[in-house]
Amino acid sequence: MLDHVPFLPYVLSAFIGIGLAAATGFRVFLPMFAVSLASYLHWIPMNESFEWLAGLPTLITTGVATVAEILAYYLPFIDHLLDTVSVPMATVAGSVLFASQFADLGTFPQWALALIAGGGTAATISSGFAGLRAASTATTGGLGNSVVGTTETAGAGIMTVLAIAAPIVAAICAIGLVIAVWVLGRKALRKFRKTSS
C-alpha cells in the first residue's frame, strides 16, 4: 500500500539521514563505523557515489578511530582538546552520512540538504554536549566528565541503531534533541549573562 506513495523513499532517507547525523553529534566515528560495517556486510545498500563507505579500508579506519575517540574522552586533558574539534568534525560527518542517503537526488540539492539538515543537526547536538562537558568540568572539577562521555557514546550507539532499524523514531528523537539543546542553551546563556553583569 505504501509503495504507491511517491515521496516515501525520500522521506525515509531523510529520517535515516537525520538519525545518523544526530548520532555523529554524540560521537563522530561510531556512526560512520556502523554504516561502513552494515554496508560492508550488505545489510544496507550503498549508492555508487558512496561505495568507499562500504570498503574494507574505510571499515578498518573508522573502527580504529571509533575506539580511539571513545577512549580519548576518558582522558582529562584530551577530552577538552577533542571538544574544540568535535563540532566541525561532527558537522562534516553528519553531512556525509546524510548525503549518502540522497545520492540520486543531484549534487547541489543533495549537499545543500546534507549541510543544512545533516550538518546542522550534528553541530547542534555536538555543541550542546561540548557545553555540558564544560559545565561538568566547572562544577565537578572534571570528575563528572566520564559520565558525560559514557552518555555520549551510548547516545551515538542508540541513535545509530535507531536510524538504521527504526528511522522514524530516530528522526523524532533527533528533532527532540535539537530542540532540547536549543532551549537549554538559551536558558544557560541568559543565566550566564545575568551572573556576569
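**Pockets**

I began with the largest pocket, and found it lined by Ser127, Gly128, Phe129, Gly131, Leu132, Ala135, Leu177, Ala180, Val181, Leu184, Gly185 and Ala188. The model is a predicted one, in which local features need pLDDT of at least 70 and side-chain atom pairs count only at pLDDT 80 or more, while totals for chains, interfaces and linings use all residues. Residues are numbered from 1 along each chain as its sequence is written, and side-chain values use heavy atoms, with hydrogens and water left out.

For the search I used a 1 Å grid over the protein atoms alone: a pocket is an open set of points with protein on both sides within 12 Å along at least five of seven lines, a cavity is a set where a 1.4 Å probe fits but cannot get out, and lining residues have an atom within 4 Å of a point. I noted a volume of about 330 Å³ for the largest pocket, a volume being the space filled by probe spheres set on the points, which are joined across faces, edges and corners. Helices α5 (107–140) and α7 (167–196) each supply at least two residues of this lining (helices being DSSP runs of H or I, at least four residues, numbered from the N terminus).

I then looked up the second largest pocket, which holds about 270 Å³ of space; of its 14 lining residues, Ile16, Pro45, Met46, Ser100 and Gln101 are the closest to its centre. Helix α1 (residues 8–26) gives the most to this lining, with three residues.

**Rings**

I counted five aromatic pairs (rings of Phe, Tyr and Trp, the last by its six-membered ring, with centres within 6.5 Å; planes under 30 degrees apart are stacked, over 60 edge-to-face and the rest tilted). Phe50 and Trp111 form a tilted pair, at 6.3 Å centre to centre and 40 degrees between the planes; Phe50 is in the loop between α2 (29–40) and α3 (56–72), and Trp111, 61 residues apart, is in helix α5. I also noted that ring pairs link Tyr10, Phe98 and Phe102 into a cluster.
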